[in-house]
Amino acid sequence: MNLLTSMRYLVALNEHRHFARAAQACHITQPALSNAIKALEEEFGTVIVQRGRVFGGLTPEGEQVLATALSMLKAEEVLRQDLSVGAGQLKGKLRMAAVPTAMPMLTRFAALLRVRHPGITPMVLSMSSLEVESGLEDLTLDLALGYGDRMESGSRTVGTRAARVTVWPQYQEHYFLLSPTGAGATLTASTKSVTWAQAAKLPLCLLTPDMHNRQIVDDSFAAAGCVVTAAMETNSVLSLMQAVIDGGLHSVLPGALVAVLPEAARLSVRPLRAPQTQTSIAFMTPPQEAGTRAQQAAIELMQSEEWRNQCTRFAGAMR
């Protein structure tokens, strides 16, 4: 087995934190993955993985090997894409992620990118803000869409290293109250907008407290002088919408999610005010010296008039 393949298996193990899941992602058996890791340890003469009944993480030496593995795999992908351009069509992978509330916009972006460059294969992942920042740090992500204000303009320390990222502001996230049609007498059909204080009196399904969007929502309620105890919590935006459609609850959604609600659903969507909360959503990329041709194509698209029109149409719109 060549060194690059073994390095690829190590990266998968670190990502999945589980031997069986990493082996499945690599389309090999678990013993084959374990043997590859052992071969790396023999090659470098040091223990890379802390073993026990379950995966125990990487040793300090293993972290060094992982950093080299990530650099090697990135260099290989850069070379492949450069050669594909020379052959006449850009081909390659682009690993992208978004915070859950921005997933509809990232999916639209990936589809537009495929129209421009059919040879690019986007991978669109849903991640928490911390996962996004870690992925940008270790170069396992080429591009991310999330809360740009979390990243300082020059650098941000994530884990044990400083992650330098470039922030590309895209749109302002606006917030709406989603309700079942005809739910209760607190809000009437003629109500065109709702205050956060009014929303606080309703049974709400909200994202879990560990998610950055929930922190924004809680801060908005606090600014309105309210403390809210959610009737239901979830870390899934799909469950959050389903709780309103089928569960009779209310929720707070950003415009990008409102835009993908099914037209057939009997729902009421009203903008929230007092305070008028807006949050900056931005693309983030790792240091440009680590960029690929596919990443550069994505950067060109995010700066285009075509994409700006998409942001204007969907990110803050009501149905």
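# Exercises on a pocket, a cavity and a helix

The lining of the largest pocket is made up of ten nonpolar, five polar and nine charged residues. (Ala, Val, Leu, Ile, Met, Phe, Trp, Tyr, Cys and Pro count as nonpolar, Asp, Glu, Lys and Arg as charged, and the others, Gly among them, as polar.) The model is predicted: local features need pLDDT of at least 70 and side-chain atom pairs pLDDT 80 or more, while totals for chains, interfaces and linings use all residues. Residues are numbered from 1 along each chain as its sequence is written, and side-chain values use heavy atoms, with hydrogens and water left out.

**Exercise 1.** Describe the largest pocket by volume and by lining.

Step 1. The volume is about 850 Å³, taken as the space filled by probe spheres set on grid points joined across faces, edges and corners.

Step 2. On a 1 Å grid over the protein atoms alone, a pocket is an open set of points with protein on both sides within 12 Å along at least five of seven lines; a cavity is a set where a 1.4 Å probe fits but cannot get out, and lining residues have an atom within 4 Å of a point.

Step 3. Of the 24 lining residues, Arg8, Leu73, Lys93, Arg95 and Met123 lie nearest the centre of the pocket.

Step 4. At least two lining residues come from each of helix H1 (3–16), helix H4 (60–86), strand S1 (92–98) and strand S2 (120–126). Helices (H or I, at least four residues) and strands (E, at least two) are DSSP runs, numbered from the N terminus.

**Exercise 2.** Find what lines the largest cavity.

Step 1. One cavity of 30 Å³ or more is present, and the largest cavity has a volume of about 40 Å³.

Step 2. Its lining consists of Val99, Ser129, Val132, Glu133, Gly146, Tyr147, Arg150 and Met284.

Step 3. Helix H6 (129–137) and strand S3 (143–147) give two or more residues each; H6 has the largest share, three residues.

**Exercise 3.** Is His212 buried or exposed?

Step 1. His212 is buried because its relative accessibility is 16%, where buried means under 20% relative accessible area, exposed over 50% and partly exposed in between (1.4 Å probe, protein chains only).

Step 2. Leaving aside residues up to four places away in sequence, His212 touches Ser129, Tyr147, Asp149 and Arg150 (contact means heavy atoms within 4.5 Å).

**Exercise 4.** Which residues of helix H9 (residues 237–245) are buried?

Step 1. They are Val237, Leu240, Met241, Ala243 and Val244.

Step 2. These residues lie on the same side of H9 because they cover an arc of only 150° around the axis, the arc being that of the directions from the helix axis to the C-beta atoms.
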